[in-house]
Structure formats: structure tokens, C-alpha cells
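Let us walk through this structure step by step. Keep the sequence and the 3D view side by side as you read.

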Amino acid sequence: MVKRSKNGTAKKLTTGLLAAVMVAGLAGCGGGNGENNAVNSDTSSFNKEGLPIVSEPVTLKVLTVRWGSMGDTFTQNQWLKDLETNTNVKIDWQVMSSNDWAEQKSIMLASGTLPDVVIGDQTFSDSDIVNNLSYFRPLDDYIDQYMPNLKAAMDETPDMKKISTFPDGKIYSLPARLPSRPKSSRQPVINKTWLDKLGLKVPETIDELYNVMKAFKEQDPNGNGKADEIPYIEVSNDLISPFGIADLNNNNMIVKDGKAVYYPTSEEYKEGLKWENKLYTEGLLDKELFTQDDTMRSAKFQNPDAPVVGFSYQWTPDAVFGKWGDQYVTIPPIAGPDGKRYTIGNPNGMNLARNEFLITSSCKTPEIAARWADQFYTDEASIQNFWGAIGTVIQKNDDGTYTLMDPPAGTSADAWYWEQSLRDFGPKYVSPDFEQKIVLSTESGDGLKLQLDKLGSEYVTEPFPNVMYTAEEFEELPTLTTDIDSYVNTMRAQFISKGNIDEGWDAYVKQLNDMGLDKLLKIRTEAYSRYTSVK
């Protein structure tokens, strides 16, 4: 566990005993009572509507986890400071570091001693919550009685309620809808300088992409006289997405015609493997495809002497190619054998998350915590908790639009936003209409991604959603997925490198069935059915 000092420096606690003492210090005012039902509390100064929320000041202990050594500078966000003044709800921020959180989380859950409120989906996972439900309050009644902003958001965007509904039909954690998020994930990126030098056009189909890769491999487009060009560098779902395999969450599931499908046994996947095997056999895939790590891959993307990677899938081109970034452009998705294009992503936008706000059973004033959380679910509150406060990071214009200011010299925009706000974490909701009022630079960051998104967003397919599992399902899943996923990955590498796909296919499918694939599919499809039935 890490507790932040005022300057944000992490002080690491080196013994489990001291950590346990710290966990006890995080306890909310009531201590863990293990009950989900509302408790009687002194709310004589509580106001059900309007501000302040309480006439007399109340303090909530709020836990959140930040990446690495990010610190707690976000707590100085002016909107958060004004919220304390306007609501009379004081916040005792308990800011932890992700570096130490796994161990300290185990201690906290074992002790059952939690703070009043938990913010951010990186703090507790689905399984953490499902396996410790007595520590967290069902929030349905609080949403109905005290959270009009969130109720309106859920009415406008029903998927917020779907992703937040647990298998027992109750809501234990609150969702977020982030602003200005694209529909597409990684998109095809190609070295346009190489294309121009070789007199080639941007490939539209997998056959054209094959011919371009062949030319990249054989015609020395980087001009250094060496056969060092690598047309494609990694094994990923992206390369087989033209075959209709658009797996956003990397769980081997897709949705096809409204049904959940396990694609590693599908004909489309089989044809995708044959495509990859063809590329590998002809030297168009990196020879170190199955042995390199991220560091080795990054070194190739940013090779100091000359660019060596021809084609890739990326969020934005400038993110990975270093000084060669201006040679690469994002292109429309590659059409597959059926003539259609597919983009990995979400047609509703990659903007929803759950587990962003929990009220624990330790909290004796849950109605106050609920009303406090509801203040985050307005458009202006949400953009200030995603980028930074108005007047500090955001400029509110006379025409009703909002412009992001330039970051301080020597600081990237993204780093600045993390310093100034909760950023990806915490409750928030920006309505689709309000998003039109946000003015972003098209040259970098969030704005650039939205520009590139226009190339592929119309081809985004519905992903297998971020479904919720029961405690019993969570108990079975790890064993099933560890063995089955490992076998699928091993066989994919073997099929790509050695071929014999038709000859080995039936034995491959039989082995998966023998490993319990039917149990895995039953769990996944039942979870999907629960998700789609939420009203």
C-alpha cells in the first residue's frame, strides 16, 4: 500500500503488519459491518435536493489507485475543490500506487476493512467485487432516490445500466461514459513513403496487401541496400480482422448475427490462419514473430538507421515509429475474402466502463456518498474530471464550446491531463450532444484519433461485450481459459509456422472439446444472455 504525502511522493510500507495497520486506517466511519442493507445514520443535516448536500460538514474517506508514481496532484483540480465547498462534503483522499496495490488489496479484502468510497475501475475488478459482495452496497435504491443525473444518463445511454448490472440483477458499482472516444481501436498503418517510392497505391484488399508486402520485402524501399525490411511484425487479431474476426476484448469471442461465437473453431479463423501461414512461409512476417518481446518489437519500430517495418495496426501512427512517424499514414480497413471491411472496436464508441464508483458497507452515510457521486454525472463536471478544470486546462468559450488549452512547455498533453484530473478513472458522463461542443486539436492525442477514426468507424462490428460473471463462474473460468487459451495460442503459432491446417484441424477442435470448451462456452453464452436481457 502507498499513502501519498502532500507533494505526491510515494512512501512504501515494507511490512505486512504495518500495511495492515494502514488498511485499518482506511476504514470508513462505520467499520466493515458486512451488511448490504442501508444502515441508520445521523443524517439530520442531510439535504435530499440542492446544495449543500449537508448543512454541517461531513468527511468521506475515498480510495483510488493511480498508475505508478503519478501521485495525487489531481486532488487540486479546481472543480473538485469547489465541490467540497459547494457540497460541504470533505474528502480524505487515500491515493495508492498501482506498484504496490495488488498485495495491499489482498490485505484489505482479507480484513474486510474498507474506506467509505472506492473510485476507479483499476482498484477492484469484477471478481474482487463479486467474491466480496458483502463489502459493497447495492446502489439501485440510492440511484432512484438520490442520483437524478445518473438516472438521466442511463436513460439516454442504456448500455451504462447493462454493463453495471451484476448477475443477481443489482448494481454495486457505477459506470462512466468518457468523452471524445473513437469507435475504432487499432487501425491499419502503412509506410506511405515506401509506397510512393515503389509506385504502389494504398492496398484495399488482402490480395493487394499481399502484393505490397511482397514489394516491401524484395525491393529495398528504405534504400539502405540491405534486405532488412519487415513487412509485418507481430501476431495479433488485427491481421485476421479482414476475415470478420473483430475481437476487441481478446477473449476469443465475437458476436455474429446476434449470437455469441467462439471463433477459434470457426471457418473464418481457419481461413485467417491459412493467410498468415502464406505470409510467414514467404518471409513477409517477422522471423522473430513468436520469440520477441515488446522491447524488441519497439526497437524495430524505431530502428535508428532506417525504418524497417512496412505495415502495422496502431492507435495513431505517431505513437510507435519515433522519428520515422511522419512516413506512416493510417488507411481504411483492408477488405477480406467476402469483400467486406471489418474494424475492431465498438459501434457505440469505446467509452464505457464500470466499477468506477463503489460505496462500501463500511460507509454510514451512503445517501451522502450517492448524492456526492451524482455531482460527477454532468457534462461540465465530466470534462473537468477527464482533462482538467475550466480555467486551468479547458477554456469555456462565449459560443458555448470548450477548447483544450496547450500544455506547459516540456509536458505532453496526455501527461498534463493525468496530472490535472481523474482522467480515465471515476464516475462521469458526457452526453453525445455535448461532445459536439468540445474542440480538440486534430494534430495529436484525442483529437487526432477522432480524425483517423473516420477512416474505419463505419466498419466497426459489434464486439462481444464486457459481460459480468457470477462467483461460481469466476471460480471455473481461470482453469478453463488458462488451458484452452494456451492451447489455442500454441496451435496458432504451429499452424502459422508449419501449415498443415486442413490436415490438423479436426484433431485441434477435438482437443479443445476434450479440454472443456463446451463448459467455457456455456459460461460465456449465459453471461451474454444476462447482459442482453437487462432492461
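Start inside. The largest nonpolar core has 73 residues, and Phe124, Tyr269, Phe311 and Tyr508 touch the most other members. A nonpolar core here is a set of buried Ala, Val, Leu, Ile, Met, Phe, Trp, Tyr and Cys residues joined through side-chain atoms within 4.5 Å. Buried means under 20% relative accessible area, exposed means over 50%, and partly exposed lies in between (1.4 Å probe, protein chains only). Helix 17 (residues 471–498) gives this core its largest share, nine residues. Helices (H or I, at least four residues) and strands (E, at least two) are DSSP runs, numbered from the N terminus. Apart from this core lies another, of 40 residues, with Val58, Ile91, Tyr142 and Ala381 among them.

A word on the source. This is a predicted model, in which local features need pLDDT of at least 70 and side-chain atom pairs count only at pLDDT 80 or more, while totals for chains, interfaces and linings use all residues. Residues are numbered from 1 along each chain as its sequence is written, and side-chain values use heavy atoms, with hydrogens and water left out.

Now zoom in on Phe311. Which residues is Phe311 in contact with, leaving aside its neighbours within four places in sequence? They are Pro188, Val189, Ile190, Leu209, Met213, Pro231, Tyr232, Ile331 and Ile334. Contact means heavy atoms within 4.5 Å.

Look at the pairings in turn. Two strands pair if DSSP finds at least two bridges between them. Strand 7 pairs with strand 10 (residues 311–314) over four bridges. Here Ile190 has Phe311 as its bridge partner, and Val189 stands opposite Ser312. Strand 7 also pairs with strand 11 (residues 328–330), over three bridges. There Val189 stands opposite Thr330. Why is strand 7 (residues 187–191) largely enclosed by the rest of the structure? Five of its five residues are buried.

The structure holds one cavity of 30 Å³ or more. The largest cavity has a volume of about 70 Å³. Its lining includes Arg186, Gln187, Pro188, Tyr313 and Ile334. A cavity is a set of points on a 1 Å grid over the protein atoms alone where a 1.4 Å probe fits but cannot get out, and lining residues have an atom within 4 Å of a point. Grid points are joined across faces, edges and corners, and a volume is the space filled by probe spheres set on the points.

Finally, check the backbone. Most residues other than glycine have a negative phi, and most peptide bonds are trans. Leu51 and Pro52 are joined by a cis peptide bond, with omega about 5 degrees. Asn355 is not a glycine, yet its phi is positive, about 60 degrees. Asn355 is found in strand 12 (residues 352–359). Arg423 also has a positive phi, near 55 degrees. Arg423 sits in the loop between helix 14 (413–420) and strand 15 (428–429).

Notes: On a 1 Å grid over the protein atoms alone, a cavity is a set of points where a 1.4 Å probe fits but cannot get out, and a pocket is an open set with protein on both sides within 12 Å along at least five of seven lines; lining residues have an atom within 4 Å of a point.
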